[in-house]
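Please keep the structure open while reading.

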Amino acid sequence: MAENRILIIDFGGQYDQLIARRVRECSVYSEIWDYSDVDMARIAGFAPKGIIFTGGPQSAYRSEAPSVDDGLFGLGIPILGICYGAQYMAHRLGGHISSAPTSEYGRTEVRVTDRSGVLQPAEEVNICWMSHTDYISQPPDGFRITALTEHCPVAAMEDQKRGFYALQFHPEVNHTVHGADFIRRFVLDICDCEQDWKMDSFGDRKIREIREKVGEGKVLLALSGGVDSSVVAALLAKAIGPQLTCVFVDHGLLRKDEAAQVASVFGEQGDFDIRFRKIDVAQRFYGKLAGVTEPEKKRKIIGEEFIRVFEETAKEIGKVDYLAQGTIYPDIIESGRGKSAVIKSHHNVGGLPDHVDFREIIEPLRMLFKDEVRQLGRELGLPDSLVNRQPFPGPGLGIRIIGEVTEEKVHMVQEADAIFREEVAKAGLAGSISQYYAALTNIRTVGVMGDFRTYDYAVALRAVETSDFMTAEASRIPWEILERVMNRIVGEVDHVNRVFYDLTSKPPGTVEME
Ligand code: XMP
């Protein structure tokens with residue numbers, strides 16, 4: 001592991017993952033720990049060079065407010081408190097927190113009065129993102145106020161002698177001008193971290209670790225063709241080559257040409273010396289889905305059937321020592337927090353089957369964020385088409401065909417989606433839209449083509465911009481491009497005579513339609 005580490009203590013803030021990413025963007029390793037998992041012995045083992053307290057929904061002065069061992073303040077390493085974290089720091093060190101007469105939300109002008117500490121890169125009036133109902137009404141002894149707003153007397157404070165810094169606003173969100181620079185200043189200058197978190201050295205180290213762990217053992221991986229499982233495959237291929245078997249289930253719900261592409265990279269003609277098994281079970285899936293229209297039911301059928309196919313294949317392969325999975329850090333953070341209401345039952349093709357005979361699980365990407373996974377994929381020599389692949393749900397096109405799934409509809413949506421992707425790429429927009437696809441609605445409408453009446457399906461185009469997929473906005477794709485896509489879809493895809501563009505944001509919509 002990198003020697004320079006920042007510990008982020010999670011008090012339940014909304015943007016905690018962003019804080020960790022900002023630190024990693026400085027090429028410094030960071031981990032998020034729930035406040036309830038923090039103890040002094042564990043911290044000593046981790047040996048962070050700095051600590052960041054996140055925001056959170058509670059009031060620091062309430063008895064039930066989340067709290068950590070006060071010994072943290074005696075470690076002699078810098079601490080940065082953000083929002084709740086700032087108030088918590090003030091409260092524990094003897095300052096005062098009160099309910100603010102005027103809450104601040106969103107874009108706020110912050111007047112910076114002293115640029116010596118974290119705020120060195122700031123403007124005199126710096127636009128920052130606020131979200132608070134309490135505020136620090138009086139800083140603890142030893143602290144100086146370094147920024148304020150119209151309604152908040154302590155927008156930032158610091159005690160440089162002890163290395164304690166507090167920001168009422170959120171430096172981790174993009175809306176805060178120079179926010180990333182404030183975090184960089186804390187990590188690199190104040191904590192004096194060296195930039196030793198790099199993907200090439202990560203890859204080399206993981207390959208060594210996997211070799212040591214696996215020895216002569218056999219490893220099984222469910223390869224979906226998505227970024228995460230593909231990068232795991234490439235990493236394992238480099239580490240243990242022919243001891244790896246990748247099982248790629250083609251359930252007939254993949255995007256156009258996707259199955260062939262995955263096979264060309266990982267199959268016999270590909271660059272990797274591994275065992276690759278492509279299981280063609282499209283008809284089996286179509287059979288199971290026949291007549292089913294309810295989205296959750298469809299998701300469950302696809303998820304369960306996938307596991308069953310994987311188990312059957314695993315049985316043929318026989319006993320393996322390890323099952324590899326493409327779990328990444330956001331999955332770990334989310335599951336650690338206990339999921340809130342289930343909106344959709346997400347199915348990941350990396351999901352764990354019950355009856356596969358293996359000794360242990362290997363999850364080499366479990367501490368990486370998505371952008372780091374992509375970077376690692378590039379280092380390992382995977383093609384851009386795979387590394388930059390946009391997110392694709394486990395149930396695949398099964399949830400992009402509204403209502404009943406049939407082979408004919410799969411074909412329609414594959415063709416429409418391929419046209420949409422091709423035109424977006426041609427227009428140079430592929431990198432700037434977070435996710436985009438074509439779905440097939442179950443609406444049929446009347447149209448006219450040539451001199452004939454048509455009564456055919458409508459395709460819905462969806463394109464969103466988002467940084468975390470928790471919230472999203474419809475992408476403002478130029479009209480001419482949408483028009484070209486529409487013309488091509490109705491012209492080239494049989495039985496489609498109408499195209500809609502989905503304007504709905506998330507919430508209230510979701511990214512996928514089912
Ligand atoms: P929603 O539709 O929940 O999607 O707004 C958010 C992100 O998650 C992807 N998604 C899935 N990914 N298995 C997955 O691996 C699933 O079952 C699943 N459902 C949605 C979706 O494509 C978007 O990126």
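Which residues line the second largest cavity? In this predicted model, the lining consists of Val-118, Leu-119, Thr-146, Ala-156, Met-157, Glu-158, Tyr-165, Ala-166 and Leu-167. Strand E8 (156–159) and strand E9 (164–167) are the elements that give two or more residues to that lining.

**Cavities**

- The count comes to two cavities of 30 Å³ or more.
- The volume of the second largest cavity is about 30 Å³.
- Its lining has seven nonpolar residues, one polar and one charged.

**Second largest pocket**

- The second largest pocket holds about 600 Å³ of space.
- Its lining counts 27 residues. Glu-31, Tyr-329, Ile-332, Arg-366 and Met-367 lie nearest the centre of the pocket.
- Four elements each supply at least two lining residues: strand E2 (29–34), helix H5 (199–214), helix H10 (329–337) and strand E14 (360–362).
- H5 gives the largest share of this lining, with six residues.
- By class, the pocket lining divides into 14 nonpolar, one polar and 12 charged residues.

**Helix H11**

- Helix H11 spans residues 370–379, and its buried residues are Glu-372, Val-373, Arg-374, Leu-376 and Gly-377.
- An α-helix has 3.6 residues a turn, so residues three or four places apart point the same way.
- The cover over the buried residues of H11 includes helix H1 (16–25), H5, helix H6 (227–240) and helix H12 (384–387).
- Gly-381 follows H11 and has a positive phi, near 85°.

**Cis peptide bonds**

- The peptide bond from Lys-506 to Pro-507 is cis, and its omega is near -20°.
- The bond from Pro-507 to Pro-508 is also cis, with omega near 10°.
- Pro-507 sits in the segment after strand E18 (496–501). Pro-508 is likewise found in the segment after E18.

- Ala-47 is not a glycine, yet its phi is positive, at about 50°. The loop between helix H2 (40–46) and strand E3 (50–53) holds Ala-47.
- Is Ala-47 buried or partly exposed? Ala-47 is partly exposed, with a relative accessible area of 38%.
- Asp-192, a residue other than glycine, has a positive phi near 60°. Asp-192 lies in the loop between helix H4 (179–190) and H5.
- Asp-192 counts as exposed, because its relative accessibility is 53% and the cut-off for exposed is over 50%.

Note on methods: Residues numbered from 1 in each chain as written. Predicted model: local features only at pLDDT ≥ 70, side-chain atom pairs only at ≥ 80, totals over all residues. Heavy atoms only, no water. 1 Å grid on protein atoms, 1.4 Å probe; cavity = no way out; pocket = protein on both sides within 12 Å on 5 of 7 lines; lining within 4 Å. Points joined across faces, edges and corners; volume = space filled by probe spheres on them. Nonpolar A, V, L, I, M, F, W, Y, C, P; charged D, E, K, R; others polar. Buried < 20%, exposed > 50% of the residue type's maximum accessible area, 1.4 Å probe, protein only. Contact = heavy atoms within 4.5 Å.
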